Amino acid sequence: MEMKEEKYETMLQKIREIKPVLEEPELFCNQIMDAVLPNPSNRIFKMVSLVRPWLAAASILLILLFIYQQHEDEKVEPVQMNTSALNKPVKTPACMDGLTLDLKNPPDFREMYKCYARNNRHTISWKEKLMAKYGSI
Amino acid sequence: MQINLPEIISQAKQGDPLAFRKLVEYYQNKIYVFVFRMVCREDEARDIVQETFIKVWRNFDRYHLEQKFATWLFTIAARLCYDRMKSFRWQKINAIEELKIIDDLQSLEHPEMTVINSDLAGIIRKLTDKLTPKQKLVFVLRDLEELEVEEVICITGFNAEQIKNNLYLARKFIREQLEKM
């Protein structure tokens, strides 16, 4: 029993004597002081780091919204227009020679232009003359 | 270096960072030794010591000058150690490290050998690892730090009976461990 007690006391004494060593105490002290008294730049950095995730989340949301809207635009179906009114023959006013224009049976605009060019030979430019002669330059 | 501790404590309490720095320089080693003996890990010990001083600075208004400063400091450190050791993460780390505890008790038999922190941690862990956080806290404060029972009561918040029981169980377990070696 005494042996056991002696062994215990010896071991305890040795553990007490050996003290763990704090490495770089000066640096450690500085770290503690930095943590205790944060300087202004640290405060700004902390604020930025607090706001950063929110900004990242907001930008992701905006990108998703943009993609969603693009997708929605593609899905819009073309409106079926009532073209029956457009297909009806239209008569131009008298000042425009009172022609009847029918899209189903369109007039020969080229022939019409040639005729116009012949009638107004003295007023049209050389370019228009060429166009009247050859159709295109 | 002779320092007027009560005056420095009083200045630090009033928010003087230079006085607080002197306090940190004066006490950091003592607290580190205690915390290291409790947690047996260098990084954890440094972390807890840093947290202790941060708590001291933030809660200085709760400290009364008639109180013993070292006891108040040890109380904060002890509570942090106790909470850390009770945490789930701690149990997990212990379970992993149990497999690789350094079997280096022989180094104590040869005083000429330099016992580095990790060896010391291994030895303390080997002897005290199976103790409950309460038992280990009482054992470290009473038997390794050699504090008076009144101080241990003040630091831990346990009553005399609890301290006596926990210390008895801790010593019994350590003796058994020594028997096995």
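Residues are numbered from 1 along each chain as its sequence is written, chains are lettered from A and ligands numbered from 1 in the order in which they are written, and side-chain values use heavy atoms, with hydrogens and water left out.

Although A:Glu24 is not a glycine, its phi is positive, at about 45 degrees. A:Glu24 is exposed, with a relative accessible area of 52%; buried denotes under 20% relative accessible area, exposed over 50%, and partly exposed the range in between (1.4 Å probe, protein chains only). In chain B, B:Glu146 likewise is not a glycine and has a positive phi, of about 55 degrees. B:Glu146 occurs in the loop between helix 8 (133-144) and helix 9 of chain B. Most residues other than glycine have a negative phi.

Chain B contains 10 helices and 0 strands. Of the 181 residues in chain B, 51% are buried. Among contacts in chain B with a separation of 6 or more, 66% involve residues 24 or more positions apart, a contact being defined by heavy atoms within 4.5 Å.

Helix 4 (residues 69-86) of chain B packs against helix 9 (residues 149-156) of chain B at an angle of about 55 degrees, with the axes 8 Å apart. This angle makes the two helices oblique to each other, since angles under 35 degrees count as roughly parallel, over 145 as roughly antiparallel, 65 to 115 as roughly perpendicular and the rest as oblique. Axes are lines fitted to C-alpha atoms, for helices over the stretch in contact, and angles run from 0 to 180 degrees between N-to-C directions. Residues of helix 4 of chain B, including B:Phe74 and B:Arg79, meet B:Glu151, B:Cys154 and B:Ile155 in helix 9 of chain B.

Chain A has an average pLDDT (the predictor's confidence in each residue, from 0 to 100) of 78, and 76% of the residues score at least 70. Among the elements of chain A, the mean pLDDT is lowest for helix 4 (residues 84-87) of chain A, at 68, and highest for helix 2 (residues 25-36) of chain A, at 91. Where pLDDT is low, the predicted coordinates should not be read in detail.

Terms used
Predicted model: local features only at pLDDT ≥ 70, side-chain atom pairs only at ≥ 80, totals over all residues. Helix = DSSP H or I, 4+ residues; strand = E, 2+ residues; numbered from the N terminus.
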